[in-house]
Amino acid sequence: MFDSQTPDEKVQLEARVAAELAALQAASDDSDRALADHLGIGRTDLRCLDVIMRQGPQSAGRLAELLHLTPGSVTALLGRLEAKGYAVREPDPTHGKRILIRPTARVVDLVTPVIASRIARGRTRLAGYSIAELTLIQEFLVQTRESHEQFTENLGAVP
């Protein structure tokens, strides 16, 4: 069906996909801002919460790496999250001197109902795709993410 497209139709479709990617990025940015505002925190603080909620407790050093922040900036960020009751520092049970930062039950209780319907809608949409389609979507998303990461790395290397 799609292979019968003319070269011009394919170029137009590629342009529409690129436009939708840009719109998706803007919508994602807007939803992040709205959630940060809802929680009364900044965007970088929200990004930190995202990391520790999705990837589990992290050391301050690892958070600095993941968020591309200085250790001092992470210390200030953690102070803000602790003051809001959104994160706590606790000893790493596997390493005597390391401290891990984890989200509190309070922030999980605040965020979960806000994003639950969004997650449910996403799962419903994904259920409508075949394994082959999901594989293609996943490959496209991985390649797009890697492209963003490379772009970020390249910009960071510019003097």
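Predicted model: local features only at pLDDT ≥ 70, side-chain atom pairs only at ≥ 80, totals over all residues.
**The chain as a whole**

The chain contains six helices and three strands. Followed along the sequence, these elements are arranged in the pattern α-α-β-α-α-β-β-α-α. With a radius of gyration of 20 Å, well over the 15 Å that the globule rule gives for 159 residues, the chain is more spread out than a compact globule. Along the principal axes, the C-alpha atoms occupy a box of roughly 60 × 45 × 30 Å.

Of the contacts between residues at least 6 apart in sequence, 40% join residues at least 24 apart. The table below collects further values for the chain.

| Property of the chain | Value |
|---|---|
| Buried residues | 19% of the 159 residues |
| Positive side chains | 19 |
| Negative side chains | 21 |
| Separation of the centres of the two charge sets | 8 Å |

**The setting of Ser59**

Ser59 belongs to strand β1, which covers residues 58-59. Is Ser59 buried or exposed? Its relative accessibility is 17%, and because buried means under 20%, Ser59 counts as buried.

The side chain of Ser59 also reaches the backbone nitrogen of Arg62, at 3.0 Å. When residues up to four places away in sequence are left aside, Ser59 touches Arg98, Ile99, Leu100 and Ile101.

Definitions and conventions. Residues numbered from 1 in each chain as written. Heavy atoms only, no water. Helix = DSSP H or I, 4+ residues; strand = E, 2+ residues; numbered from the N terminus. Buried < 20%, exposed > 50% of the residue type's maximum accessible area, 1.4 Å probe, protein only. Polar contact = N/O pair within 3.5 Å; in protein donor to acceptor, adjacent residues only side chain to side chain. Contact = heavy atoms within 4.5 Å. Rg over C-alpha atoms; globule rule 2.2 N^0.38 Å. Lys, Arg positive; Asp, Glu negative; His and termini not counted. Charge placed at Lys NZ, Arg CZ, Asp CG, Glu CD.
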